[in-house]
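Here are a few exercises to work through with the model open in your viewer. Try each task before you read its solution.

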Amino acid sequence: KLFENEQPTQYLFSYVRGEECMGYGGLVHINYEKSSAELSFIMNTELEAEEFRFHWTNYLQLIEVIAFTTLKLNRIFTYAYNLRPHLYPILEDRGFLCERLIPNALIADGNSIPAIIHSKWNAQLRKATLLDTDLTFQWAQDPTVRRYAFTQKEITKEGHEAWFKNKLADPLCEYFILETTEGNPLGSFRIDYNSSTSTGLISYLIAPEFHGKGWGIAMLVLGEVAARQIGLSGLIGEVIPENSSSCAIFVKLGYDAEVFSDRIRYKKTL
């Protein structure tokens, strides 16, 4: 009956081969505000030993079409206790990223078991180009973005154009745009790094119209992947204390905090 509701809390499907029902699963705990859903899948345990990889991979491929193409969700994720490690390589083969580890999520036989969240977003990072000059200027001067900037000095279009051009040409800077798979821009992510320490200083912003939709976590997790690809082993992010949303994201993703008089510095080893 949930299929008849306008915004059901879950969509469940039978997983069949021919006339045989081999399992069931779907999209559960759907959050319409953030456009996300958790994946659920249970299959005939007699098939797990020999056919688990095939069916888990097949199920993920099927459910992604429903989640991203049909329902236009931004994110799908799995929440699994660290008792079935064979789940994770299959998820990662399908493009899911390890978002975060939640310690002490379960006590089993006196042992503390963490939970691991793997997520996949309907978005990706791409390299910024000069064609993004006007777009990044619009974001940078928006009052909701400027409110949390370290410097409140007015940004001029000419000044931004020169700065942006220099950043794109800087060999120690990686500048990205986060966009949906349809090409809609969501925000920017920049890494300024020191090759001798293999540590990058990150700066990111989410376009004002997409605030509160969970894209900040997507930005940082995808940015960490990009940082590893260029050989970095650590990241630093600095935030003014009033920026509580950004502070919460850093803490959630396992960054260590160091408090100063005018900023909070977050560090993470990759």
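**Exercise 1.** Which residues are buried in H6?

Solution. Keep in mind that the model is predicted.
- Step 1: Locate helix H6 at residues 215-229, a run of 15 residues.
- Step 2: Apply the cut-off, since buried means under 20% relative accessible area.
- Step 3: Read off Trp215, Gly216, Ile217, Ala218, Met219, Leu220, Val221, Leu222, Gly223, Glu224, Ala226 and Ala227.
- Step 4: With twelve of its 15 residues buried, H6 is mostly covered.

**Exercise 2.** Compare the reach of H6 with the expected span, then look just after the helix.

Solution.
- Step 1: From first C-alpha to last, H6 reaches 21 Å, close to the 21 Å expected at 1.5 Å a residue.
- Step 2: Just after H6, Gly231 has a positive phi of about 90°.

**Exercise 3.** Find where H1 kinks, and list what covers its buried residues.

Solution.
- Step 1: The kink in H1 is about 25° and is centred on Phe54.
- Step 2: The buried residues of H1 include Phe52, His55, Trp56 and Glu64.
- Step 3: Among the elements covering these buried residues are strand E1 (11-17), strand E2 (20-31) and strand E6 (111-121).

**Exercise 4.** Describe the second largest pocket and its lining.

Solution.
- Step 1: The volume of this pocket is about 370 Å³.
- Step 2: Of its 19 lining residues, Phe41, Tyr79, Ala80, Arg84 and Leu87 are the closest to the centre.
- Step 3: By class, the lining has 13 nonpolar, three polar and three charged residues.
- Step 4: E3 gives the largest share of the lining, six residues.

Key:
Residues are numbered from 1 along each chain as its sequence is written. This is a predicted model: local features need pLDDT of at least 70, side-chain atom pairs count only at pLDDT 80 or more; totals for chains, interfaces and linings use all residues. Side-chain values use heavy atoms; hydrogens and water are left out. On a 1 Å grid over the protein atoms alone, a cavity is a set of points where a 1.4 Å probe fits but cannot get out, and a pocket is an open set with protein on both sides within 12 Å along at least five of seven lines; lining residues have an atom within 4 Å of a point. Grid points are joined across faces, edges and corners, and a volume is the space filled by probe spheres set on the points. Helices (H or I, at least four residues) and strands (E, at least two) are DSSP runs, numbered from the N terminus. Ala, Val, Leu, Ile, Met, Phe, Trp, Tyr, Cys and Pro count as nonpolar, Asp, Glu, Lys and Arg as charged, and the others, Gly among them, as polar. The bend at a residue is the angle between axes fitted to the seven residues ending there and the seven starting there. Buried means under 20% relative accessible area, exposed over 50%, partly exposed in between (1.4 Å probe, protein chains only). Contact means heavy atoms within 4.5 Å. The expected span of a helix is 1.5 Å times one less than its number of residues.
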